[in-house]
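Open the model in your viewer and keep the selection panel at hand.

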Amino acid sequence: MENRTFYKIAAASIMAISAWGVAHAITPNKLVSGGLPAHTGTTTTDYLTDGYLTNWKSSNAKEIAINVGEGPSKLLINWESYGDCAWATNFTSGCGHSGVALSNFKILTSANSTDGNDGDWEVAATIENNPVMARGVEIEFAGKSWFKFASEGDVGQILEIEAFDMSAGGTDTWFFMGTSISQMGIKQQDTDSTTAQIIHAKFPEYTPAMLRGGIGCINSTEVVEHLSEYLEYAGNVKFWAIEMGTNDAWGGGDWNLATYKKNMQTIIDSAKAHGITPIIARIIATDSSKAGWQVNPAFLEAVDNLTEENNLPKGPDFFAYFKEHPELLASDGVHPNADTKGGQAMHHLWAEALSPLYAAGDTTCKDCATPPDSTEPQGIAQGIRFSAPRIYAQGRSIVIEGLGDAPASIILVSATGKTVAQRNSTTGSERFERLPMGQYIAIIRSKNAVQTSIAQVK
């Protein structure tokens, strides 16, 4: 997708957000567990707090303790378990899902432990019969420095644990409801950066708390049938990022359209009634040459109308992007392709669509307007200011400015996933010249953040 397409999507999002109202501005909740050692008895691990799921290292320890230090009066504790990557195993009859959820355990806190084992511990929360693979629980934490999971039953495979400072009443909490498209693309497949990490790179004040909720084969009717469970186990977040409709629209007809619209309105109404803002992605396009069908335009119109009529921020346009990039779809022509980074594209598209929500309240950027020589508005839209580096195409070159004084690693990747250039920068700016025409992804890694951006050489 060209940058102008991102611009059109984001500009429309900004208009929707203006109508949506300042009262719904996002309050940051700082990630306080990132990269900290997780103590599991006599050993420690770092993969449980690194922000990535897809190294597939997991723990089945009965006790897992993390020292986040003193300061927060409240914490939100999120966790992700593995299974087959579906959020729940019994919400749909179309596919069989497997996995053991972290189901019966206590969250304990301590002010004086030195290693996660000794010291005095208090029960902050008791979780019983939890059936889902990803969930978040808020606990009191004033005067404490450690928290610990203490399990009574089968632990399953825990992939990630995150803790966020909720002392200021943070609202940067997200549940990604979806089908197998999200089960694979948002959780199962490798990505250079998650949606949350991309948002943080652009808006350092914010660290979104992100739960993955994709379930293979599920349709909107089955979501409504299990809506009480969605609300029970993911009803304490402030945003639902929804990818739903591929299974409703399967085959290319419109015979299920009325049911889909009714179900989606029920989901929207229920979310709003619980203080949750839903944001709906346009249904992913198929590669019709492989799948044998394409999403009926009436379903896309339904998503657009639901968004407008309910005054919702606009979600990503998965249809337009994957229609232009069928190479990012798997051999079935429907699901994101792990080999060509289809899931990675989904993370980036969600981040681009959600960025206007953060831009409205970002206070960290002092001087980062769009470069005057850029032929396309970069990032989100002209006039939006970022503290992140600026990346843009200029003729047959890609220019990166505003890197700052800290060393940064830059990787330039083509649309086919081939690494075109790689270099370390200490000069504050870089220029990649004499590039073939096409789309490129620039990945910038510094000590504290990762940023990615797409640029089109014409």
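Which residues are buried in α6? The model is predicted, and in it the buried residues of α6 are Leu-257, Tyr-260, Asn-263, Met-264, Ile-267, Ile-268, Ser-270 and Ala-271. Select these and look down the axis: they sit on the same side of α6, because the arc they cover around that axis is only 165°.

Next, select residues 257-273, the whole of helix α6. Its end C-alpha atoms are 24 Å apart, which agrees with the 24 Å that 17 residues should span at 1.5 Å a residue.

Turn to the face pointing away from the buried side. Ala-258, Lys-262 and Ala-273 are there, and these residues are exposed.

What do the buried residues of α6 pack against? Select the following elements in turn:

- the strands β10 (173-178), β12 (239-243) and β13 (277-280);
- the helices α4 (220-225), α5 (227-234) and α8 (297-309).

Move on past the end of the helix and select Gly-275. This residue follows α6 and has a positive phi, near 75°.

Finally, select the whole chain. It has 10 helices and 20 strands. Of its 458 residues, 58% are buried.

Terms used:
Residues are numbered from 1 along each chain as its sequence is written. This is a predicted model: local features need pLDDT of at least 70, side-chain atom pairs count only at pLDDT 80 or more; totals for chains, interfaces and linings use all residues. Side-chain values use heavy atoms; hydrogens and water are left out. Helices (H or I, at least four residues) and strands (E, at least two) are DSSP runs, numbered from the N terminus. The expected span of a helix is 1.5 Å times one less than its number of residues. Buried means under 20% relative accessible area, exposed over 50%, partly exposed in between (1.4 Å probe, protein chains only). The arc is that of the directions from the helix axis to the C-beta atoms. Contact means heavy atoms within 4.5 Å.
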